[in-house]
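Me: I'd like to learn how to read a structure like this one. Can you take me through it feature by feature?

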Amino acid sequence: MDVETTRTASTPAGATEPRPAGPVIRAEGLASGYGGRAIWQGADFSVAPGEFLTVLGPNGAGKSTLLRMILGLLPPAAGALEVFGARPRRGNPAIGYVPQRRTLDPDLGVGAYDLVALGTDGHRYGPRLSPRAARERRDAVHQALEAVNATGYANRPVGRLSGGEQQRLLLAQALVARPRLLLLDEPLASLDLRNQIAVAQLVASLRSRYGLTVVLVTHDINPLLKVTDRVMYVARGAVSVGPPSEVITSENLSRLYQTEVDVLTDRRGRVFVVGLEEEATHPHPQGVAADEGD
């Protein structure tokens, strides 16, 4: 398996906190699977502080399982995985997570502010917050809303917002506790091209502003080509990690898919993979989300 060596990301402008020493994520011989069935295996890679890694691959390849392992929700099938130098654990406050977005009921009356506030105490049961804690919570929510440019609709019902607006709120919810690592699962799915580009640029801006490390799962690299440092391409049980120009090539993807694949680039710099069956084609048509098992 051809796994590229890690390239250390440059320091993002505007980082507010010093970065931890060593990689944020480190994997050696990592494999994922369910019920004794391997999905992919033999992955050796690390993610540097402040780096932007985009995870690509067809439906069912096992992209989202990587996020579940980082979150401590799924143990590795084999190999070793460390997050911030330790074994992954559930509920790590240093990790912000944006799951795959589902269409919200237009009649859902939950306010945008309250949705973001769940990122501060949605896991907590018990008596009300003290006045000081409530004030700190309110300030944190306002800062998160401002960071994603969502203050203009903070008091509107979430169900009546557009897909792009809802995605901004989910980003704010993930950011409100000031994590160091941000995981995003298909944040561009079901968005039109304009909103895909806007969300990609917003994530890149937040990464720079807060010194975040970003791992983002998607089907289409094109909205992210200008902001990602490296890609991880997962296909047919194999993994390849490196700069997009080295991973998304005819030769490399033909090796991963074990069939002849052509990578084409248009005059605008967008890349397209052709030569695969429809269900494995990359990028997928607009609006096609990952399978539940992905």
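**Reading the model**

Me: Leaving aside its neighbours within four places in sequence, which residues is Gly-29 in contact with?

Reply: Contact means heavy atoms within 4.5 Å. By that rule, Gly-29 touches Gly-42, Ala-43, Asp-44, Ala-78 and Gly-79. Take Asp-44: 15 residues separate it from Gly-29 in sequence, yet their C-alpha atoms are 5.5 Å apart. Before we go on, this is a predicted model, with local features needing pLDDT of at least 70 and side-chain atom pairs counting only at pLDDT 80 or more, while totals for chains, interfaces and linings use all residues. Numbering starts from 1 along each chain as its sequence is written, and side-chain values use heavy atoms, leaving out hydrogens and water.

Me: Where is Gly-29 placed, and how accessible is Gly-29?

Reply: Helices (H or I, at least four residues) and strands (E, at least two) are DSSP runs, numbered from the N terminus. Gly-29 sits in strand β1, residues 25-34. For accessibility, buried is under 20% relative accessible area, exposed is over 50%, and partly exposed is in between (1.4 Å probe, protein chains only). Gly-29 comes out at 31%, so it counts as partly exposed.

Me: How many helices and strands does the chain have?

Reply: There are seven helices and eleven strands. Of the 294 residues in the chain, 50% are buried. If you take contacts with a separation of 6 or more, 68% of them are between residues 24 or more positions apart.

Me: What order do the strands take in the open sheet of six?

Reply: Two strands pair if DSSP finds at least two bridges between them. Here the order is β5-β6-β7-β3-β8-β9, and the pairing is mixed. β5 (95-98) and β9 (238-242) are the edge strands, each pairing on one side only. Follow β8 (residues 230-235) and you'll find five bridges to β9, in the antiparallel sense.

Me: How many residues lie between β10 and β11 in their hairpin?

Reply: Five, and in that turn Gly-269 has a positive phi of about 90°. The strands, β10 (residues 262-265) and β11 (residues 271-274), run antiparallel and are joined by four bridges. Asp-262, for instance, faces Val-274 in β11.

Me: Is helix α1 mostly covered or open?

Reply: Mostly covered: seven of the eight residues in α1 (residues 63-70) are buried. Among them are Leu-66, Leu-67 and Ile-70. After α1 comes Gly-72, with a positive phi near 80°.

Me: How many salt bridges does the structure hold?

Reply: A salt bridge is a side-chain nitrogen of Lys or Arg within 4 Å of a carboxyl oxygen of Asp or Glu. The structure has five. One of them joins Arg-230 to Glu-51, with the closest N and O atoms 2.4 Å apart. Arg-230 belongs to β8 and Glu-51 to the loop between β2 (37-47) and β3 (52-56), so this pair ties together parts 179 residues apart in sequence. Both Arg-230 and Glu-51 are buried.

Me: How far apart are N and O in the salt bridge of Asp-229 and Arg-207?

Reply: 2.5 Å. Asp-229 is in the loop between β7 (213-217) and β8, and Arg-207 is in helix α5, so parts 22 residues apart in sequence are tied together. Asp-229 is buried at 14%, and so is Arg-207 at 11%. For contrast, look at Asp-266 and Arg-270, which meet at 2.7 Å: Asp-266 is partly exposed at 22%, and Arg-270 is partly exposed at 31%.
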